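Colleague: I am new to reading structures. Could you walk me through a few features, one at a time?

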Amino acid sequence: MSSPFNPILTAALTALRAEYTVNPLKDDGTPGPDTVASWRLARTADCSCPEGAERAGAAFLDSVFSDFVCTAQNDLNVSGGDDAYDIRRSLERFDWHEAADSAVPIWTHQKWLTFVEIGAYDEDVSDLVDSRKVTGDDCANAALYIIADRLLRALSEELADKCDEVEAEMPDDDDATDDATMAAD
């Protein structure tokens, strides 16, 4: 019986997580819990970097990253296909709008802290909001949505590239068969 998890996708997600995760040391020198490197996510999302892992902006970027990983694990293992090409096509077709929309904080205080900490005020929201009827809240929602969407699409591209790398490193089934045949001779 085959595993329900795609080995290429699983290995690529593990590599992607490793790139975005740090393991800070506690005061006593022992490893602390893994945390997502918000500075790396901010750079990937092309936004300002929050000043600390405990900040609202870091929590926002971390939640987008976590949602991406969870969605990729659950949805792509079911519909992603067997090879890196199929996974890349599934990632390209995947609708990240809902994930980006749900990432935007609903609580006013949290929304505005996030907005300021990651520099969402630099985003051009004119394509998403009508300037004649716009409120500050609409602008904040649109700007945070744009950043979340950009991060999800960048992570999607990185995951597709990782899948290509993983598949290139895997032995071909023909090579394994040839090796087994040679060993039997």
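Modeller: Start with accessibility. D86 has 31% relative accessibility, so D86 counts as partly exposed. Keep in mind that this is a predicted model.

Colleague: Where does D86 lie?

Modeller: Helix α4, residues 84-93, holds D86. Now compare sequence with space. D86 and A160 are 74 residues apart in sequence. From C-alpha to C-alpha, they are 9.6 Å apart.

Colleague: Let me try another residue. Is T71 buried or exposed?

Modeller: Buried means under 20% relative accessible area. T71 has 19%, so T71 is buried. This residue lies in helix α3, which covers residues 56-79.

Colleague: Which residues is T71 in contact with, leaving aside its neighbours within four places in sequence?

Modeller: Those are L76, F94 and W96.

Colleague: Now the rings. How many aromatic pairs does the structure hold?

Modeller: Five. To read a pair, look at two values: the distance between ring centres and the angle between ring planes. Under 30 degrees counts as stacked, over 60 as edge-to-face, and the rest as tilted. Take Y20 and F65. Their ring centres are 5.2 Å apart and the planes are at 40 degrees, so this pair is tilted.

Colleague: Which parts does the pair of Y20 and F65 tie together?

Modeller: Y20 lies in helix α1, residues 7-20, and F65 lies in helix α3. The pair therefore ties together parts that are 45 residues apart in sequence.

Colleague: Are Y20 and F65 buried or exposed?

Modeller: Y20 is buried, at 0% relative accessible area. F65 is buried too, at 3%.

Colleague: And what about F115 and Y121?

Modeller: Apply the angle rule again. Their ring centres are 6.1 Å apart, with planes at 70 degrees, so the pair is edge-to-face. F115 counts as buried, at 11%. Y121 counts as partly exposed, at 49%.

Colleague: Which residues form one aromatic cluster?

Modeller: F68, F94 and W96 do.

Colleague: One last feature. What lies over the face of Y20?

Modeller: R40 does, at 4.3 Å from the ring centre. A charge over a ring is read from two things: distance to the ring centre and direction relative to the ring normal. So Y20 has two entries in your notes: its tilted pair with F65, and R40 over its face.

Methods:
Residues are numbered from 1 along each chain as its sequence is written. This is a predicted model: local features need pLDDT of at least 70, side-chain atom pairs count only at pLDDT 80 or more; totals for chains, interfaces and linings use all residues. Side-chain values use heavy atoms; hydrogens and water are left out. Helices (H or I, at least four residues) and strands (E, at least two) are DSSP runs, numbered from the N terminus. Buried means under 20% relative accessible area, exposed over 50%, partly exposed in between (1.4 Å probe, protein chains only). Contact means heavy atoms within 4.5 Å. Rings of Phe, Tyr and Trp (its six-membered ring) pair if their centres lie within 6.5 Å; planes under 30 degrees apart count as stacked, over 60 as edge-to-face and the rest as tilted. A charge sits over a ring if NZ of Lys or CZ of Arg is within 6 Å of the ring centre and within 35 degrees of the ring normal.
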